[in-house]
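Biologist: I would like to learn how to read the features of a model like this one, step by step. Could you begin with the surface and then work inwards?

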Amino acid sequence: MRTLVVAFVAFAALTACSSGDEPSKAPSSSAAPKPAPSTNAAAASLDPCKLLPAEAVSKALFLDNLQAVPGPSQDNAANGGKARNCEYQHDGKAAGKLAVTRYEGKQGKPAEMVAAIKKAKPGAQDVPGFPDGAVYYVEGQKAATLVAGELVAGTPVLVNYTGPARMTPEQLAPLVKQALAVQ
């Protein structure tokens, strides 16, 4: 079980840290509609831009004209993680990234996965208000990340938002909560 949790943590860390500085060339979709509550969770997590529209990120970052651009998929056969990303851009530059990773066919507990991430990230701190836990950490004074987990139809899911290092847990938490609410 420990090996499985470590594998989850490694993949989640790679997903959380892969925001990159180079903007994607995919077409923009800044007016992504908010899915109806009856949306199938598996289908919704295939398009994180629908889970967290650019308008919500614009409010958190105090920036106008953000665009939500679907990012590359990052699947990991070793741990079953299927990550889908949405990159938020302002004037062609990266402003943040939402990653939703589903571990289909796995029996991991989101709270254990989040605890393992906290243990693996120096300076990580718990963030209240998430039933299965959430952690916030800053890496290299370049990027702040808040990651939370939950079970969706029996499948462990990690959701994280990575933005500029100046973003606080209080700014990131509503973004992650909004994405989790649609799951």
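Modeller: Accessible areas come from the Shrake-Rupley method with a 1.4 Å probe, and for residues only the protein chains shown count as cover. In this case the chain exposes about 8,800 Å², of which carbon and sulfur atoms supply 55%. Please keep in mind that this is a predicted model, in which local features need pLDDT of at least 70 and side-chain atom pairs count only at pLDDT 80 or more, while totals for chains, interfaces and linings use all residues. Residues are numbered from 1 along each chain as its sequence is written, and side-chain values use heavy atoms, with hydrogens and water left out.

Biologist: What percentage of the 183 residues of the chain count as buried?

Modeller: Buried means under 20% relative accessible area, exposed means over 50%, and partly exposed lies in between, with a 1.4 Å probe and protein chains only. By that rule, 49% of the 183 residues count as buried.

Biologist: How many helices and strands are there in the chain?

Modeller: Helices (H or I, at least four residues) and strands (E, at least two) are DSSP runs, numbered from the N terminus. The chain has six helices and eight strands, and along the sequence they follow the pattern α-α-α-α-β-β-β-β-α-β-β-β-β-α. Contact means heavy atoms within 4.5 Å, and of the contacts in the chain with a separation of 6 or more, 56% are between residues 24 or more positions apart.

Biologist: Which residues touch the most other members of the largest nonpolar core?

Modeller: In soluble globular proteins, nonpolar side chains tend to be buried together. A nonpolar core is a set of buried Ala, Val, Leu, Ile, Met, Phe, Trp, Tyr and Cys residues joined through side-chain atoms within 4.5 Å. The largest one here has 34 residues, and Tyr 88, Leu 98, Phe 130 and Tyr 161 touch the most other members. Among the elements that give two or more residues to this core are helix H3 (48-51), helix H4 (54-61), strand S3 (81-90) and helix H6 (169-182), and H6 supplies the largest share, seven residues. Apart from this core lies another of nine residues, including Tyr 103, Met 113, Ile 117 and Tyr 137.

Biologist: With which residues is Phe 130 in contact, leaving aside its neighbours within four places in sequence?

Modeller: Phe 130 is in contact with Leu 146, Ala 148, Ala 173, Val 176, Lys 177 and Leu 180. Several of these belong to the buried residues of H6, among them Ala 173, Val 176 and Leu 180.

Biologist: How does one read strand S7 and its partners?

Modeller: Two strands pair if DSSP finds at least two bridges between them. S6 and S7 pair in the antiparallel sense over six bridges, with Tyr 137 opposite Thr 145 in S7, and they form a hairpin with three residues between them, where Gly 140 in the turn has a positive phi of about 55°. S7 is also joined to S8 by ten bridges, again antiparallel, and Glu 150 stands opposite Val 157 in S8. The hairpin of S7 and S8 has two residues between the strands, and Ala 153 in the turn has a positive phi of about 50°. Nine of the ten residues of S7 are buried, so this strand is largely enclosed by the rest of the structure.

Biologist: Which cysteines form a disulfide?

Modeller: A disulfide is a covalent bond between the sulfur atoms of two cysteines. The rule applied is a pair of cysteine sulfur atoms within 2.5 Å, and the count comes to one. Cys 49 and Cys 86 form it, with their sulfur atoms 2.0 Å apart, and the link is right-handed, with 100° about the S-S bond. Cys 49 lies in helix H3 and Cys 86 in strand S3, so the pair ties together parts that are 37 residues apart in sequence. Both Cys 49 and Cys 86 are buried.
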